[in-house]
Amino acid sequence: SGNFRLFIGAGSGWHTPDKEFTVCNTGLTVTREIRITDAFSIPLTGSLIFNPRTERLFLVAGITL
């Protein structure tokens with residue numbers, strides 16, 4: 001099974017170059033379990049994150065055991 005989640009975040013300080021409060025990340029997170037056997041699966045997570053203020057794009061991936 002898969003799960004999609006959209007998100008948006010705002011902040012100030014080190015998230016924005018001018019230290020003003022603004023939208024500093026938007027993105028999509030996808031989670032999915034890869035079934036290995038009937039009793040064991042591996043949860044995977046991936047996020048694509050964009051900071052519109054700094055125009056930076058990030059890709060984050062993770063595995064939970």
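Predicted model: local features only at pLDDT ≥ 70, side-chain atom pairs only at ≥ 80, totals over all residues.
The structure holds 1 salt bridge, a contact counted when a side-chain nitrogen of Lys or Arg comes within 4 Å of a carboxyl oxygen of Asp or Glu. The pair is formed by the side chains of Arg53 and Asp18, at 2.4 Å from N to O. Arg53 belongs to the loop between S3 and S4 and Asp18 to the loop between S1 and S2, so the bridge ties together parts that lie 35 residues apart in sequence. The strand labels follow DSSP runs numbered from the N terminus (E, at least two residues, for strands; H or I, at least four, for helices). Arg53 is partly exposed, with a relative accessible area of 34%, and Asp18 is partly exposed as well, at 35%. In this scale, buried means under 20% relative accessible area, exposed means over 50%, and partly exposed falls in between, with a 1.4 Å probe and protein chains only.

Residues are numbered from 1 along each chain as its sequence is written, and side-chain values use heavy atoms, with hydrogens and water left out.

Lys19, in the loop between S1 and S2, has a phi near 65°, a positive value in a residue other than glycine. Lys19 counts as exposed, at 56% relative accessibility. Its C-alpha atom is 28 Å from that of Ala61, a residue 42 positions away in sequence. In the loop between S3 and S4 sits Glu55, where phi is near 55°, again a positive value in a residue other than glycine. Glu55 is exposed, with a relative accessible area of 65%. Thr54 lies in the loop between S3 and S4 too and is partly exposed at 32%. Thr54 and Pro17 are 37 residues apart in sequence, yet their C-alpha atoms are 7.1 Å apart in space.

Strand S2 (22-35), S3 and strand S4 (56-63) each give two or more residues to the lining. By class, the lining has 5 nonpolar, 5 polar and 1 charged residues, where Ala, Val, Leu, Ile, Met, Phe, Trp, Tyr, Cys and Pro count as nonpolar, Asp, Glu, Lys and Arg as charged, and the others, Gly among them, as polar.

Gly9 is found in strand S1 (residues 2-11) and is buried, with a relative accessible area of 18%. Strand S1 also holds Arg5, which is partly exposed at 48%. Arg5 and Gly27 are 22 residues apart in sequence and 8.3 Å apart from C-alpha to C-alpha.

On the surface, Ile34, Ile36, Phe40, Leu44, Ile63 and Leu65 form a nonpolar patch with about 610 Å² of accessible area together. Patches are made of residues with over 30% relative accessible area and no salt bridge; like charges are joined within 9 Å and nonpolar side chains (Val, Leu, Ile, Met, Phe, Trp, Tyr) within 5 Å. Accessible areas come from the Shrake-Rupley method with a 1.4 Å probe, and for residues only the protein chains shown count as cover. Within the patch, Leu44 has its place in strand S3 (residues 41-51) and counts as partly exposed at 30% relative accessibility.
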